[in-house]
Amino acid sequence: MGREMASAFARWCALTDVDVKPELVAIADLVEPVREWFRCIPSCQQFTDDYKALLANPAVDVVYVAVPHNLHQQIYIDVLEAGKDLFAEKPYGIELSAAKKIFEAGQRTGRFVRCSSEFPFFPGAQRALQAATSGKLGRILQVVSGFHHSSDLDATKAANWKRFSRTCGEIGVLGDLGMHACHLPLRLGWKPTRLFAQLQKGYPERPDGKGGMAACDTWDNAMLHCWTNIEGQEVPMRLEMKRMAPGETNSWFIEILGTEGGVRYNTKEPKTLWLFEGGKEQYWKRTDLGFGMPFKTVTGGIFEVGFPDVIQQMWAAYLMEREGKLNGRFGCATPEEAVGTQEIFAAALESQKTQQVVTLK
Ligand SMILES: NC(=O)c1ccc[n+]([C@@H]2O[C@H](COP(=O)([O-])OP(=O)(O)OC[C@H]3O[C@@H](n4cnc5c(N)ncnc54)[C@H](O)[C@@H]3O)[C@@H](O)[C@H]2O)c1
């Protein structure tokens, strides 16, 4: 993810209404070949295996941290205590208690903190958000929000840190993909009030990459059957996170159905927005979307959007909000939202354990 972010900075000239320009000046990684890649970025002057050396660098204002989940709490809090602003990665700590400690450190130090979640910057996601807040959907009947991939269907793929509870967290796929499923519902104020979780494990062991096998213990798929409260009504909402979804490479999706209208968007067909119109006859209207980004770019309005584009938009939002220049555009996931996701994950683990519906506080 570090390299993905660096490449978004490298083509910052694509943005036409953003007057903040990031410059990558330092990177820290334990692995030399990873550090070496960053030598292609001319502004990068510090290449270290010691992140504390990076934190001591006065040229660094903002630190983006993408490390395994067991390291989030320590490194995020060290960043904040070093007086730097933080762009955190999800899930914002290995578990709820870690997320709360990171939250407190943000409050205590007064630094600017946001959490990475890029999919809501897709034009289709922005249109879904507009539809949900337009008042034109009538009474909301149902919400589905999720993220599916199939990277873990291949049983011969070697285990990495995401396969073990000790490094990925007991929350497993919830921590890995949950922010993607929860971000828009939370931004809309649709936090689950109650939920029932179905969590599922994948392969119990995988090659360890050294000729042996490693025991894998994390949840790979999660279906959270929730209730939420929308304008005084209890509404069913399903949050889906899957690392073993046959046929899916990386599909973020949302569907909001109301009595008078509805909206459906899936990055599997990134140009396609479906809008429902009720009435005597009912229609699902298919619209081809163009490059309708929150932050304007040199790219013509008819062209297609991709993952690197939304990563760049997310950074534009982070940096502009940090300068107080968001001006009503969509902002990155807040620390409150990040802690909110972890509250959902903790309730899901409890539900899985007790096989009961769990009420969220
Ligand atoms: N927003 C997204 O779409 C997205 C996608 C993938 C991963 N992520 C998140 O990014 C984070 C990292 O995931 P990843 O897939 O990039 O993992 P990764 O294993 O590919 O990369 C992690 C990097 O951290 C380095 N590292 C580990 N310990 C370190 C330390 N003490 N100091 C410096 N560097 C250290 C490793 O050497 C490695 O290069 C996780 O929180 C994950 O959930 C987000």
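# Close-up views of the predicted chain

**View A. β3 pairs with its partner strand β4.** β3 and β4 (residues 85-88) run parallel to each other and are joined by 3 bridges. One of the residues to look for is V62, which has D85 of β4 as its bridge partner. Two strands count as paired when DSSP finds at least two bridges between them. Helices (H or I, at least four residues) and strands (E, at least two) are DSSP runs, and both are numbered from the N terminus. What you are looking at is a predicted model, where local features need pLDDT of at least 70, side-chain atom pairs count only at pLDDT 80 or more, and totals for chains, interfaces and linings use all residues. Residue numbers start from 1 along each chain as its sequence is written.

View B. The 3 strands come in the order β3-β4-β5, with parallel pairing. β3 (62-64) and β5 (113-115) are the edge strands with a single partner each, so one side of each has no neighbour in the sheet. Ignoring direction, neighbouring strands here are turned by 15 degrees against each other on average. Axes are lines fitted to C-alpha atoms (for helices, over the stretch in contact), and angles run from 0 to 180 degrees between N-to-C directions.

View C. Look for R194, which sits opposite W227 in β10. Touching means contact here: two residues are in contact if their C-beta atoms, placed from the backbone, lie within 7 Å.

**View D. Here is the shell around the ligand.** The ligand is surrounded by 17 residues, and the closest are M1, L30, A66, V67 and E89. A residue makes the list if its C-beta atom, placed from the backbone, lies within 6 Å of the molecule. By class, the shell holds 10 nonpolar, 2 polar and 5 charged residues. Nonpolar covers Ala, Val, Leu, Ile, Met, Phe, Trp, Tyr, Cys and Pro; charged covers Asp, Glu, Lys and Arg; the others, Gly among them, count as polar.

**View E. V79 is a buried residue in helix α4**. The helix spans residues 72-81. V79 counts as buried because 28 other C-beta atoms lie within 10 Å. The cut-offs are 20 or more other C-beta atoms within 10 Å for buried, 12 or fewer for exposed, and partly exposed in between, with C-beta atoms placed from the backbone. Leaving out residues up to four places away in sequence, V79 touches L55, V63, V65, K84 and L86.

**View F. A cis peptide bond joins K90 and P91**. Omega is about 5 degrees. P91 belongs to the loop between β4 and α5 (96-109).

View G. E231 is exposed, as 9 other C-beta atoms lie within 10 Å. Q355 sits in the loop between α10 (335-354) and β16, and is exposed, with 9 other C-beta atoms within 10 Å.

**View H. L188 sits in the loop between α8 and β7**. With 18 C-beta neighbours inside 10 Å, L188 counts as partly exposed. The C-alpha atoms of L188 and E95 are separated by 24 Å, and the two residues are 93 apart along the chain.
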